[in-house]
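Hi everyone, thanks for making time for this. I'd like to walk you through one structure, step by step, so please stop me if anything goes by too quickly.

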Amino acid sequence: MSVHLLLSAGRGPQECAWALARLLRRLEADAARHAVTVHRLETVPGERPGTHRSALLRLDGTGAEAFAAGWTGTLCWQAPSAYRAGVGRKNWYVLARPYEPDAPTTPFSEADVEVVPCRTGGPGGQHRNKASTAVRATHRPSGLVVVVDTERQFSLNRRLAVQRLRERLADGDDAARAALDSARWQVHDDLVRGDPVRVERP
């Protein structure tokens, strides 16, 4: 069982990146006690050495899902600032959210495409109507349909129809990946101070 978590210091001060690094080490130690393995897939460094603005994690193990649930939400590192002695604030917040590592790629096989001859109007319609050279192609797994009648030969229209289905599925996958990237960045703006699900201290 694998679960992915994104930890973000949001747009908080440098202490939040410091807090994230310490919370990450605390999470890893807690995971070891629960027989859950933590893989750091990607970290974005903070302004100070040894700090992180964000971290992408993969948690593996039979109890990974339950463990991740206990670390999901607003996390608080409670300690005086490591950088500013005169700051009275001691609560530094980090957000932990589940995330999808990658949008799935839609598999494409010509065996999944149903091709049906059809007739269409327009210029040259008389010949097309008699010969039924137009093609309606359906990608059965996704339900996507295209109609192609640009060529006078059925075989050419069939080839174009399959190509267009492949391109439209690829475009849909690209859009899904872009939406996923946008959702990841949105997490950095969603951090809410207060009401943490966990409070950790040195």
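This is a predicted model: local features need pLDDT of at least 70, side-chain atom pairs count only at pLDDT 80 or more; totals for chains, interfaces and linings use all residues.

I'll go from the strands to the helix, then to the core, and finish with cysteines and aromatic rings.

Let's start with strand 3, which covers residues 52-60. Is strand 3 mostly covered or mostly open? Mostly covered: of its nine residues, eight are buried. Strand 3 also has partners on two counts. With strand 1, residues 2-8, strand 3 pairs in the antiparallel sense, and there are seven bridges. If you want a place to look, find Val3, whose bridge partner in strand 3 is Leu59. With strand 2, residues 37-45, the pairing is antiparallel too, over eight bridges. Here you can look for Pro45, which has His52 as its bridge partner in strand 3.

Strand 2 and strand 3 make a hairpin, with six residues between the strands. In that hairpin, Gly50 has a positive phi near 80°. Hold on to that thought about phi, as we'll meet another positive value in a moment.

Next, helix 1. How many residues does helix 1 have? There are 20, and the distance from the first C-alpha to the last is 30 Å, close to the 28 Å expected at 1.5 Å a residue.

Glu15 sits in helix 1, and its relative accessible area is 0%, so Glu15 counts as buried. What is Glu15 in contact with, once we leave aside its neighbours within four places in sequence? The answer is Ser81, Tyr83, Arg84 and Trp92.

Helix 1 is followed by Ala35, which lies in the loop between helix 1 and strand 2. Most residues other than glycine have a negative phi. Ala35 is not a glycine, yet its phi is positive, about 60°. Is Ala35 buried or exposed? Its relative accessible area is 62%, so Ala35 is exposed.

On to the inside of the protein. The largest nonpolar core has 27 residues, and those that touch the most other members are Leu5, Leu7, Leu27, Leu57, Leu59, Phe67 and Trp71. Several elements give two or more residues to this core: strand 1, helix 1, strand 3, helix 2, strand 4 and strand 5. Which element gives the largest share? Helix 1 does, with eight residues.

Beyond its neighbours within four places in sequence, Leu5 is in contact with a list of residues including Leu27, Leu57, Leu59, Trp71 and Tyr99. Apart from this core lies another one, of eight residues, among them Val146, Ala161, Val162 and Leu165.

Cys76 is in no disulfide either, with the sulfur of Cys16 as its nearest, 9.5 Å away. Cys16 has 2% relative accessibility, so Cys16 counts as buried. Cys76 is buried as well, at 2% relative accessibility.

Last topic: aromatic rings. The structure holds two aromatic pairs. One is Trp18 with Tyr83, an edge-to-face pair at 6.3 Å centre to centre, with 65° between the planes. This pair links distant parts of the chain, because Trp18 is in helix 1 while Tyr83 is in the loop between strand 4 and strand 5, 65 residues apart. Trp18 is buried, at a relative accessible area of 8%, whereas Tyr83, at 23% relative accessibility, counts as partly exposed.

The other pair is Phe67 with Trp71, and this one is tilted: 6.4 Å centre to centre, 40° between the planes. Both Phe67 and Trp71 are buried, and you have already met them in the core, among the residues that touch the most other members.

That's my tour, and I'm happy to take questions.

Key:
Residues are numbered from 1 along each chain as its sequence is written. Side-chain values use heavy atoms; hydrogens and water are left out. Buried means under 20% relative accessible area, exposed over 50%, partly exposed in between (1.4 Å probe, protein chains only). Helices (H or I, at least four residues) and strands (E, at least two) are DSSP runs, numbered from the N terminus. Two strands pair if DSSP finds at least two bridges between them. A nonpolar core is a set of buried Ala, Val, Leu, Ile, Met, Phe, Trp, Tyr and Cys residues joined through side-chain atoms within 4.5 Å. Contact means heavy atoms within 4.5 Å. The expected span of a helix is 1.5 Å times one less than its number of residues. A disulfide is a pair of cysteine sulfur atoms within 2.5 Å. Rings of Phe, Tyr and Trp (its six-membered ring) pair if their centres lie within 6.5 Å; planes under 30 degrees apart count as stacked, over 60 as edge-to-face and the rest as tilted.
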